Amino acid sequence: MPFGKIYTYPQNPRTTALLAVAKENGLEIETIHEEPARGVSAGYFKINPLGKVPTFQGDDGFVLSECIAIAVYLASQNEKTTLLGKTKQDYASILRWMSFANSEILSSLGGWFRPLIGRDPYNRKNVDAAQSTTLRVVGVLEEHLLTQTFLVGERLTLADLFATSIIARGFQYVFCKEFRQQYPCVTRWYELIRNQPIYTAVADKLEFIDEAVKYTPPKKEPKRQEPKKETPKAAPKPEAQEEEEEEVKPAPKPKHPLEALGRSTFVLDDWKRKYSNSETPEALAWFWENANLEEYSLWRVNYKYNPELTQVFMSSNLIGGFFNRLEASRKYIFGSASVYGVSGDSAIAGSFVIRGQEAPPAFDVAPDWESYEYIKLDPRNSDDKKFVEDTWSWERPVTVDGKHEQSFDWADGKVFK
């Protein structure tokens with residue numbers, strides 16, 4: 001008897017463990033193809049208003065979204081299952097590692113490999129940052145597995161199945177031979193779980209790669225030259241008709257206030273390209289040599305409500321939302337904002353170069369711009385110059401708001417360019 005349906009797409013890392021558990025428990029599951037990146041069907045929004053996958057729809061009408069919840073629900077259909085641990089502490093630890101894989105590993109790993117295979121726009125700086133974050137997160141797994149065969153307890157649990165399905169894309173695209181030598185415990189654990197019958201029943205054969213996939217720029221197609229078409233001249237309208245048929249012109253779009261400053265000698269787009277395509281020390285040297293800081297100014301930007309920040313990934317999403325709302329000023333701004341510290345003790349700070357000498361004209365296009373504090377920096381001041389370099393390189397800690405009078409390590413960041 002059918003147990004239900006799972007809406008997903010092939011090789012979705014959030015789905016493999018669900019199918020493995022369902023098969024192990026003898027649950028008949030139908031998979032329905034829905035792929036948000038290509039647009040989901042209109043009817044799917046009635047099941048999942050956000051249009052995300054996976055979603056489970058039981059044969060009894062019960063609907064459940066969120067992959068961790070679905071995995072637990074399917075595993076719990078077997079009253080004798082050992083996949084959910086023996087104790088309440090086991091169960092809590094299983095949820096901990098599942099959440100860790102879903103929120104910490106998957107997002108950074110996707111930011112690393114997706115641009116390399118053409119799924120997302122490629123930006124070298126962002127890919128390098130995602131790689132760095134991924135390796136730091138995987139390092140947490142490596143340390144844990146140094147003394148553990150499985151993630152929780154002494155036997156296979158749902159945490160192992162779920163985390164393996166999440167990390168699988170790494171071994172498929174970027175976890176090369178060198179990576180496996182540097183992370184032997186993670187590699188041993190991954191190979192062990194991938195070869196369990198419960199996993200092989202729903203997954204392809206395990207294969208390792210020698211080299212990580214490399215980015216290949218798309219080929220530019222030559223422009224076709226089409227023959228010019230002669231456009232017949234329109235007959236002139238009679239004068240009386242011209243007076244009667246007065247054309248209604250659309251109202252002109254309001255100009256950005258920074259347009260009044262005119263064209264600058266320093267081309268900001270040149271700097272943005274230099275930053276994206278060069279090593280950071282080389283790019284920074286170019287900036288200080290070429291930037292006209294009479295036409296542009298430098299600003300430190302601090303989030304005003306740092307004590308309210310909780311999870312690092314949520315703070316990173318906050319930065320992303322702010323950047324999206326700065327779109328109208330994109331051609332006048334370059335900068336980077338980052339989360340510094342750890343979950344529960346973190347802050348948001350960054351630095352920007354903007355057209356003109358005042359912050360509001362550049363930033364007040366964003367409705368939430370007043371949630372940030374803007375401090376003008378002096379490029380002749382060594383401390384101010386170092387802060388700009390540190391926040392644009394993502395390689396050194398910074399002192400944020402004087403919290404605890406100590407520096408905070410970089411955790412995650414985004415570039416506005």
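Predicted model: local features only at pLDDT ≥ 70, side-chain atom pairs only at ≥ 80, totals over all residues.
Residues are numbered from 1 along each chain as its sequence is written, and side-chain values use heavy atoms, with hydrogens and water left out.

View 1. The strands follow the order 8-5-7-6-11, with antiparallel pairing. Strand 8 (372–377) and strand 11 (410–416) are at the edges with a single partner strand each, so one side of each has no neighbour in the sheet. On average, neighbouring strands here are turned by 20 degrees against each other, direction ignored. Strands (E, at least two residues) and helices (H or I, at least four) are DSSP runs, numbered from the N terminus; two strands pair if DSSP finds at least two bridges between them.

**View 2. Strand 5 beside strand 8.** Strand 5 (residues 296–303) runs antiparallel to strand 8, and six bridges join the two. R300 is placed opposite I375 of strand 8.

View 3. The order is 2-1-3-4, and the pairing is mixed. Strand 2 (28–33) and strand 4 (63–65) are the edge strands, each pairing on one side only. Four bridges link strand 1 (residues 2–8) to strand 3 (residues 55–58) in the antiparallel sense, with Y7 opposite T55.

View 4. Helix 2 (residues 67–75) lies across strand 1, strand 3 and strand 4, at about 130 degrees to strand 4. Contact means heavy atoms within 4.5 Å; axes are lines fitted to C-alpha atoms, for helices over the stretch in contact, and angles run from 0 to 180 degrees between N-to-C directions.
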